[in-house]
Amino acid sequence: MQTGNLRNLKTREDRAQALLLGGAVDEVSPNIYFVHGSTLYTVTLLDSVEGASTCTCPDHEFRQVECKHIRACELYKESGTQQHSVREMVVA
Ligand SMILES: [Zn+2]
């Protein structure tokens, strides 16, 4: 009954992981990332001191939630940059 939120979070976490592992995250500059989703989104990661992180996807712009793209970029940052050889995503 009250697991809705939790399930949602887990799903977003899973999707963020999938994006990261699929090489969908591209670091453009230290806190700017391109995320290849259904289209190309730009994510700006900010420390809470500087303000909230932003993403150009509708999920974030309309609902003001931390979307899977932002989460994926955070994971990317947390995991360091040693994963950037995984970039086999085909974007048509
Ligand atoms: Zn997003």
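Mentor: A residue is called buried if 20 or more other C-beta atoms lie within 10 Å of its own, exposed if 12 or fewer do, and partly exposed in between, with C-beta atoms placed from the backbone. Helices (H or I, at least four residues) and strands (E, at least two) are DSSP runs, numbered from the N terminus. This is a predicted model, in which local features need pLDDT of at least 70 and side-chain atom pairs count only at pLDDT 80 or more, while totals for chains, interfaces and linings use all residues. Residues are numbered from 1 along each chain as its sequence is written.

Trainee: Which residues of strand 2 lie on its covered face, and which on its uncovered one?

Mentor: In a regular strand the side chains alternate between the two faces of the sheet. Here Tyr33 and Val35 make up the covered face of strand 2, whereas Ile32, Phe34 and His36 make up the uncovered one.

Trainee: In what order do the four strands form the sheet?

Mentor: Strands of a sheet pair through backbone hydrogen bonds, either parallel or antiparallel. Two strands count as paired if DSSP finds at least two bridges between them. In this model the sheet is open, with the order 1-2-3-4 and antiparallel pairing. Strand 1 and strand 4 (54–55) are at the edges with a single partner strand each, so one side of each has no neighbour in the sheet.

Trainee: How many bridges join strand 1 to strand 2?

Mentor: Four bridges join strand 1 (residues 25–29) to strand 2 (residues 32–36), and a hairpin of two residues links these strands. Glu27 has Tyr33 as its bridge partner, and Ser29 has Ile32. Strand 2 also pairs with strand 3 (residues 40–44) over five bridges, with three residues between them in a hairpin. Tyr33 stands opposite Val43 in strand 3, and the bridge partner of Val43 in strand 4 is Cys55.

Trainee: Which helix packs on the sheet?

Mentor: Helix 3 (residues 68–78) does, touching strand 1, strand 2, strand 3 and strand 4. Its direction makes about 120° with that of strand 2; axes are lines fitted to C-alpha atoms, for helices over the stretch in contact, and angles run from 0 to 180 degrees between N-to-C directions. Contact requires C-beta atoms, placed from the backbone, within 7 Å. Leaving aside neighbours within four places in sequence, Cys73 is in contact with Val25, Tyr33, Val35, Val43 and Leu45.

Definitions and conventions. Contact = placed C-beta atoms within 7 Å.
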